[in-house]
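Thanks for asking me to look at this with you. Have the fold open in your viewer, and we can walk through it point by point.

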Amino acid sequence: MLKVNNLNKMFKKTMAVNGISFTLNKGDVVGLLGPNGAGKSTTMKMIAGLLRKDYGDIEMDGINNNLLKAKSKFTYIPEVPELYEMLTVKEHLHFIADAYDIDNWEEKATKLFKRYDLYDKQDKLAKELSKGMKQKVSICCGLLPEPELYLFDEPMIGLDPKAIRETKLIFKELSDQGKTIFVSTHLLDSIENLCHRVLVMKNGRIIADGDVKSLKNKLSNGKGSLEELFLEVTKDE
Ligand SMILES: Nc1ncnc2c1ncn2[C@@H]1O[C@H](COP(=O)(O)OP(=O)(O)OP(=O)(O)O)[C@@H](O)[C@H]1O
Ligand SMILES: [Mg+2]
């Protein structure tokens with residue numbers, strides 16, 4: 001579904017992403033972990049085509065990610081919601097529905113609003129929303145098109161416990177439908193039961209790649225929490 005080969009990005013003197021390669025298969029739910037500044041968001045933005053790569057290849061179903069044909073295959077949720085201040089909640093979904101040419105969008109939007117407690121906020125302007133509400137609208141915009149691939153950059157940040165649970169449930173449903181999810185997060189306990197595989201980044205490189213169980217076995221004989229595993233693989237030499 002997604003193939004990333006030798007991807008690089010340099011910001012002045014910072015090597016934000018340093019020659020990473022990986023493949024996500026259809027139906028994979030893959031967590032992208034790593035300390036602050038590891039290069040997770042930079043990677044996500046390049047895959048989404050919002051940030052120019054220095055070099056490397058990114059393909060979705062064999063199609064270059066910058067081609068329009070690839071754009072309809074995925075949605076991307078940025079780590080900070082980017083909403084239009086003067087559009088209402090519902091107008092955001094309408095806008096996405098037009099962009100992705102979605103039928104029955106109102107029905108789908110209503111279902112999402114109910115799941116995310118936004119039903120009675122539909123006519124509020126984005127600028128009137130709380131931080132968590134903005135994040136929920138951003139997630140709803142990412143879910144509405146029902147694409148094959150979801151690129152979610154720290155989707156749980158700012159969400160209340162109910163919305164976190166709802167998001168986890170939705171990930172499970174999408175995974176059951178064979179959709180591919182690439183999700184960066186710092187909430188390690190949310191990863192453990194959700195992700196088939198984790199990629200751990202540090203200093204722009206992938207330093208671990210595998211399913212949680214085998215990574216645990218490799219590093220600590222299967223003992224300990226994912227948190228301990230994370231701290232072990234990302235510690236400074
Ligand atoms: N626009 C930019 N200009 C210059 N440097 C940048 C820019 N964006 C990111 N960087 C640098 O690139 C590196 C990777 O940043 P990135 O945002 O990808 O990290 P991250 O893994 O998403 O971290 P976090 O967990 O804090 O979200 C950091 O050293 C950061 O300072
Ligand atoms: Mg980030």
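1. How many of the 13 residues of helix 5 are buried? The answer is 10, so helix 5 is largely enclosed by the rest of the structure. Buried here means that 20 or more other C-beta atoms, placed from the backbone, lie within 10 Å of the residue's own. Helices (H or I, at least four residues) and strands (E, at least two) are DSSP runs, numbered from the N terminus.

2. A word on the source: this is a predicted model, where local features need pLDDT of at least 70, side-chain atom pairs count only at pLDDT 80 or more, and totals for chains, interfaces and linings use all residues. Residues are numbered from 1 along each chain as its sequence is written, while chains are lettered from A and ligands numbered from 1 in the order in which they are written.

3. Back to helix 5: Met133, Ile139 and Leu143 are among its buried residues. Their cover includes strand 6, helix 3, helix 4, strand 7 and helix 6 (contact means C-beta atoms, placed from the backbone, within 7 Å).

4. Now find the open sheet, whose six strands run in the order 6-7-8-3-9-10 with mixed pairing (a pair needs at least two DSSP bridges). Strands 6 and 10 stand at the edges with a single partner strand each, so one side of each has no neighbour in the sheet. Strands 6 and 7 pair in the parallel sense over four bridges, and isoleucine 77 has phenylalanine 152 of strand 7 as its bridge partner.

5. Finally, look around ligand 1, where the shell includes Lys40, Ser41 and Thr42 (near means a C-beta atom, placed from the backbone, within 6 Å). Helix 1 gives the largest share of this shell, three residues.

Methods: A residue is buried if 20 or more other C-beta atoms lie within 10 Å of its own, exposed if 12 or fewer, and partly exposed in between; C-beta atoms are placed from the backbone. Two residues are in contact if their C-beta atoms, placed from the backbone, lie within 7 Å.
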